[in-house]
Amino acid sequence: MKNTIKKRLISLSYKLLAFAILIIIIIIIDKSVNIINQFELLSLWLYPNNPDGNGELFKICLSFLGGLGILFGLYVSYRRAKAMEQGVLRQKESIDLQNKQISITRKAQTDERFKNAVEHLGDTKEPIILGGVAELNQIAKENRTEYSEIIFNILCSYIRSNANIIKNSAEEINSTVVQTIINNLFKSNDQTYLGYKANLRFANLNEINLDGILFYEADLSFCYMPSIKNTIFEDSNLDKTEFILSELIDIDFPGSKLHQSLFHGAYLINVKMDEETELLSTSFLESTLINVNFDNNSVGSCNFIASKIDNCSFNNSSIVSASFAASGLKSIDFSSVKLFGTNDFRASGFLNVNLNTIVTSTNFSGCSYGDGYIHRFKDKLIDGVGKMADFKGITTLEINKKTNTALKLTEKDVNEIHQEYDNILDKKTKPNYKNK
């Protein structure tokens, strides 16, 4: 629309200018023309009854000339604006070209920084390695779309390689570097690596602080884990992960797998392993469990041998083929479990335990009133040979001798419990690279 109006104005100005030039040419050629007489005749013709006709015609002439000036001014302004517009476009193209060149230069510089930083990870000197980690982390922050995921995977790979439970002894692991990487990947508030899935399989994390981390869909299978507080393992894989002498306080495992995981000498308090946690052949050996939530879950084939189980919740859970041998159970309510059978409570201790449920094929041989055998359980277990089952610590229990066993603890029982304990330890993480 604007271009159409501009074209019409330009065309009109050209016509008026041509008309004016024509008149001037005619006047110059015809020198005999009496301008004044012609002016008066024209005014008389235009204004026959107006005594001031000459003045009115003069006004018209002035207006005409003024209009020509305005049109010419508009034309000049248009040409000037057009020239400025072309200049701006050329300047923009120049700036775009400069920005492109700067972007290419910056990309080349970043690629060079990235290459050098990755090479620093392979150095033997800790300061150089830490410098490489810091540089990679900075590159990820500056170029999240292009670099953050690959840097995340590279740093996870560094942990897997340099803190590997097979390749490296505890003395060979540089915990300072590993801790720095963990802090950058999982404890930073800038969310550079948010949503990425960590692969830390076979990593020895015994000396690493993992407090307050949200592990989402992380692969932590076959890892050695440290003491942890306020950490969430959401939809993560902790198969055959070992918690040796670890303290776990305020921990949640929603949707995570703990298949054949081992808690040995561990201390668990306020831990959630409820319906969303997959427990299968999970073992708690000589561990302390306080306020651990197993509600709506299945603890089938799980082992709680020589452990202290205090005020833990098993509401609507299924407890089948589980071993609580030589453990001390205190303030436990099993009355609302869905299934309860083929469990082993030999040489276990009961204190304020409610078993008001259907109990089938369960062995209570040598069970006692009290905390059971916890510390140095093997020696104490031998001392209990010949003891008859004592159910004083169970508030409600009717033993069906046809399906359940409530006899004296025998030497055979002791040997079987010892053997079960040793078999679990013999199956401790011995990963094979073919499984990787």
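## A loop residue and the cores around it

Asn-311 is found in the loop that runs between strand E13 (308-310) and strand E14 (318-320); helices (H or I, at least four residues) and strands (E, at least two) are DSSP runs, numbered from the N terminus. The model is predicted: local features need pLDDT of at least 70 and side-chain atom pairs count only at pLDDT 80 or more, whereas totals for chains, interfaces and linings use all residues. Residues are numbered from 1 along each chain as its sequence is written, and side-chain values use heavy atoms, with hydrogens and water left out.

Asn-311 has a phi near 55 degrees, a positive value in a residue other than glycine. With a relative accessible area of 42%, Asn-311 is partly exposed; buried means under 20% relative accessible area, exposed over 50%, and partly exposed in between (1.4 Å probe, protein chains only). Ala-347 also has a positive phi, of about 60 degrees, although it is not a glycine. Ala-347 is found in the loop between strand E16 (339-341) and E17. Because its relative accessible area is 0%, Ala-347 is buried.

The chain as a whole contains eight helices and 19 strands. Of its 436 residues, 39% count as buried. Among contacts (heavy atoms within 4.5 Å) between residues at least 6 apart in sequence, 32% join residues at least 24 apart.

The interior can be described through its nonpolar cores. A nonpolar core is a set of buried Ala, Val, Leu, Ile, Met, Phe, Trp, Tyr and Cys residues joined through side-chain atoms within 4.5 Å. The largest has 79 residues, and those with the most contacts inside it are Leu-220, Met-273, Phe-294 and Phe-334. At least two residues of this core come from each of helix H3 (53-121), helix H4 (126-142), helix H5 (144-162), helix H6 (175-186), strand E5 (247-252), strand E8 (267-272), strand E15 (328-333) and strand E17 (349-354). H5 gives the largest share of this core, seven residues. Phe-294, leaving aside neighbours within four places in sequence, is in contact with Met-273, Asp-274, Leu-279, Phe-284, Leu-289, Val-299, Phe-304, Ser-313, Phe-314 and Ser-317. A second, separate core has 14 residues, including Ile-305, Ala-306, Leu-381 and Tyr-421.

H4 and H6 also meet one another. Their axes come within 10 Å and cross at roughly 10 degrees; axes are lines fitted to C-alpha atoms, for helices over the stretch in contact, and angles run from 0 to 180 degrees between N-to-C directions. H4 is therefore roughly parallel to H6, given that angles under 35 degrees count as roughly parallel, over 145 as roughly antiparallel, 65 to 115 as roughly perpendicular and the rest as oblique. On the H4 side, the residues that meet H6 are Glu-126, Ile-129, Leu-130, Val-133 and Asn-137, and their partners in H6 are Thr-176, Val-177, Thr-180, Ile-181 and Asn-184.

The next region concerns Thr-241 and Glu-242. Thr-241 lies in the loop between strand E3 (232-234) and E4, and at 0% relative accessibility it counts as buried. Although Thr-241 and Cys-223 are 18 residues apart along the chain, their C-alpha atoms are separated by 4.8 Å. Not counting residues up to four places away in sequence, Thr-241 touches Leu-220, Ser-221, Phe-222, Cys-223, Met-225, Ser-261 and Leu-262. Glu-242 has its place in strand E4 (residues 242-244) and, at 3% relative accessibility, counts as buried. Glu-242 and Leu-262 are 20 residues apart in sequence and 4.8 Å apart in space, C-alpha to C-alpha.

Tyr-267 lies in strand E8. At 31% relative accessibility, Tyr-267 counts as partly exposed. Beyond residues up to four places away in sequence, Tyr-267 touches Ser-246, Glu-247, Leu-248, Thr-288 and Ile-290. Glu-398, by contrast, is exposed, with a relative accessible area of 73%; its place is in the loop between strand E19 (394-396) and helix H8 (411-426). The C-alpha atoms of Glu-398 and Thr-357, 41 residues apart along the chain, are separated by 9.0 Å.

The cysteines complete the account. A disulfide is a covalent bond between the sulfur atoms of two cysteines, counted here when the two sulfur atoms lie within 2.5 Å. The structure holds zero disulfides. Cys-312 is buried, with a relative accessible area of 5%, and Cys-367 is buried at 1%.
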